[in-house]
Amino acid sequence: MLEVLTGSGLAVAAGLNAYIPLLVLGIAGQTLDFVELPAAWAWLENPWVIAILIVLLIIEVVADKVPMVDSINDWIQTLVRPAAGGIAFGTGAASETAVVTDPASFFSSSAWVPVAIGIVLALGTHATKMAARPVLNAATAGVAAPVVSTLEDVSSVVLSLLALIVPVLGTIALVALVALLFVRVRRARRAQRLRH
């Protein structure tokens, strides 16, 4: 059960920022004794992979703070975030994840299920973020972009860390994040309607 909570927290965090949970997994797998990545996902601990993820994270953080660029970035990330969510869920939720050497056997077994669950969770989070961001930008004339983006990045870090360390708290934080996002979108839509 805790593995599913861990995987869920990491996948949702990937929906906010694809690279943060993967970096947390890679660095934690390298440095923390209690985090042992499944053999199929051990490549996340590779220093080159971590370096590439850091560069991609920097690009993502900068692009996501600029109004209009953030929406373009969200379209690009529509493929990246769900894929990262699948990797994160598969890594966090499975003690044994199959290496895909034979795609037919991968899909005929249940090895694809954790990856698919992670993709769906991250895609749901990403789609919500992608729908909310233009509304918030329009309601605040773009002022909300850097603030909301920073909150999303911090939320992704916190969710990733909680998912690894205390999965139950990660789930509580996830519910609180969804509630906060819902309230903010409703306020932004109401403010936008009042202006028109």
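Helix α7 has 22 residues and spans 31 Å from its first C-alpha to its last, close to the 32 Å expected at 1.5 Å a residue; the expected span is 1.5 Å times one less than the number of residues. Helices here are DSSP runs of H or I with at least four residues, numbered from the N terminus. The model is predicted: local features need pLDDT of at least 70, side-chain atom pairs count only at pLDDT 80 or more, and totals for chains, interfaces and linings use all residues. Residues are numbered from 1 along each chain as its sequence is written, and side-chain values use heavy atoms, with hydrogens and water left out.

**Helix α7**

- Among the buried residues of α7 are Ala144, Val148, Glu152, Ser156, Leu159 and Leu164; buried means under 20% relative accessible area, with a 1.4 Å probe and protein chains only.
- Seen down the axis of α7, the buried residues fall within an arc of 160 degrees, so they line one face of the helix; the arc is taken over the directions from the helix axis to the C-beta atoms.

**Salt bridges**

- The whole structure holds eight salt bridges, each defined as a side-chain nitrogen of Lys or Arg within 4 Å of a carboxyl oxygen of Asp or Glu.
- Lys129 forms a salt bridge with Glu152, and their closest N and O atoms are 3.0 Å apart.
- Lys129 belongs to helix α6 and Glu152 to helix α7 (residues 144–165), so this pair ties together parts that are 23 residues apart in sequence.
- Both Lys129 and Glu152 are buried.
- Through salt bridges with shared partners, Asp64, Asp70, Lys129, Arg133 and Glu152 join into one network.
- Within that topic, Arg133 and Asp70 meet in a salt bridge at 2.7 Å, N to O.
- This pair links distant parts of the chain, with Arg133 in helix α6 (residues 112–140) and Asp70 in helix α4 (residues 69–93), 63 residues apart.
- Both Arg133 and Asp70 are buried.
- Asp74 and Arg81 also meet in a salt bridge, at 2.8 Å, N to O, and both are buried.

**Nonpolar cores**

- The largest nonpolar core has 24 residues, of which Leu10, Leu22, Leu25, Leu44, Leu53 and Leu164 touch the most other members; such a core is a set of buried Ala, Val, Leu, Ile, Met, Phe, Trp, Tyr and Cys residues joined through side-chain atoms within 4.5 Å.
- Helices α1 (2–16), α2 (19–31), α3 (47–63), α4 and α7 each supply at least two residues of this core.
- The largest share, seven residues, comes from α2.
- A second, separate core of six residues includes Val135, Leu136, Ala144 and Ala188.

Definitions and conventions
Buried means under 20% relative accessible area, exposed over 50%, partly exposed in between (1.4 Å probe, protein chains only).
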